[in-house]
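Please examine the structure shown below. The briefing that follows is arranged by topic.

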Amino acid sequence: MLQLQVIKQDPNLIKERLAVKHFTATGLVDEIVSLDEERKKLQLESDNTLAKVNSASKEIGMLMAKGQKDDAEKRKLEVAGLKTALQPIADQLAATEKQLQDKLVLLPNLPSAKVPPGKTPADNVVVREGGTIPVLPEGSVPHWDLIKKYDIVDFETGAKITGSGFPLYKGKGAKLQRALVQYFLDFNTAAGYTEYLPPLMVNEASAYGTGQLPDKEGQMYYMPADNFYMIPTSEVPVTNIYRDTMLKEAELPIKMTAFSPCFRREAGSFGADVRGLNRVHQFDKVEIVQLTRPDKSEETHDAMVAHVEQLLQTLELPYRILALCGGDMSFASALTYDFEVYSAAQQKWLEVSSVSNFEAYQTNRMKIRFKDSDGKTKLVHSLNGSSWPCQGSWLVCWRIIRQPMASGCRRYYILILEGQKLIK
RNA sequence: GGAGAGGUGCCUGAGUGGCCGAAAGGGCCGGUUUGCUAAACCGUUGUACGAGCUUAAACUUGUACCGAGGGUUCGAAUCCCUCCCUCUCCGCCA
């Protein structure tokens, strides 16, 4: 969430910036400012009363020690009076704090200055393109048909075991999946990211920390018996590693990568978008996360975009990078670049990765801070990006099967054995 | 799931109702001493939200925080309740 300090500094600027995201409830900002004023007044009142209670209690202790029981009893009555008077103030203070908090979490992150204006995906701006769009031979079919033909992903059996949207990888399909995970993780660790294998369920505090709660509650699988959520991305457990932590400046930047299956209910999705592996309830993903100094997050974002771009280049996929416009960005993001790969068979661009800078929005919730060289405590910035969602792998799969570089398949198996770079 | 022992500051660890935001040791940082290093000695060393002063910082000051949340009490790290976590033993175990 946004820092209260920042909002108070220039409420009008906040309103202007939020307008870029087409966030219209700017009355919220005013409410927050006045709730905070209210909170301060109540706190002052409450603190002053408590101070009186504390000093009276100390006196009572001393009077008791001296044996002056009657005086002590008198003071006790006084304290009782103070506490009665305090009760409504304390209640009001707690209510005001809660209201303030509830309003604060409703404000999305401010878009960075780099965010292009616009409302819909059509307004996103292409930043760069790379690779060559292949010309498919006559009679080419999309991946969901190829998968069937080669019997490497079995949706029907997945649906039988669990339900629709839970693919069952089989034989070479399973092996390719494993090989790609290895390849992407190795690619990331070679760039200095520390590898993690996180828990696949998280508690409420973690889901709240990265902003999935309360925003995305209905989109996560929930285990009521233990109050756990299945992770929708490893960003959640990985970013939460440092929740409530005071970092040393020298520890920054922190670069983490993790593979995990991801679970999403995708409630409300339907139609062509959900065909094949385009959108499923369980998919595998390798994620990169960085925690940086605030003044470094912009260049870190560029570096992470370049990193994912290189990865796509090694796969020789036709890609483009989009700067998401204000209206298409996610709630918590300040700047998002999407990667799309062109599927010649589906004849459309498919999102394969998304690299976002959250600035202090997530870390403010999670209280991930560091001491700067001037001794000031500051929030770090958090960024993350997917370096591989399932779609990407199956576009690769398409290449392996359709293109003459059929040896590529073997190439990935070599990767499993050697754990090394992509061999050309 | 049952029984027991625990959870205190950066770390170890003391603290069973007031003088405890918290002993002691270690670490860290600053200083003195010193060819250098080490050692020794002195000092400092939490977070959050307020108030005062201030351009600001520094500083002074209030409140809260000893796993989390409630309760008892004039007063809680300390007593009671619930929950979470760690360790030991027993049970269960696809």
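Helices (H or I, at least four residues) and strands (E, at least two) are DSSP runs, numbered from the N terminus. This is a predicted model, in which local features need pLDDT of at least 70 and side-chain atom pairs count only at pLDDT 80 or more, while totals for chains, interfaces and linings use all residues. Residues are numbered from 1 along each chain as its sequence is written, and side-chain values use heavy atoms, with hydrogens and water left out.

**Positive phi values**

- His22, in the loop between α2 (11–20) and α3 (27–66), has a positive phi near 60°.
- His22 counts as partly exposed because its relative accessibility is 35%; buried means under 20% relative accessible area, exposed over 50%, and partly exposed in between (1.4 Å probe, protein chains only).
- Glu359 belongs to strand β13, and its phi is also positive, near 50°.
- Most residues other than glycine have a negative phi, and most peptide bonds are trans.

**Cis peptide bonds**

- Leu213 and Pro214 are joined by a cis peptide bond with omega of about 0°; Pro214 lies in the loop between α8 (204–209) and β6 (222–223).
- Leu252 and Pro253 are likewise joined by a cis peptide bond, with omega of about -5°.

**Nonpolar core**

- A nonpolar core is a set of buried Ala, Val, Leu, Ile, Met, Phe, Trp, Tyr and Cys residues joined through side-chain atoms within 4.5 Å.
- The largest such core has 31 residues, of which Leu312 and Phe339 touch the most other members.
- Helix α7 (172–190) is among the contributing elements, and α7 gives the most, with seven residues.

Definitions and conventions
Chains are lettered from A and ligands numbered from 1 in the order in which they are written.
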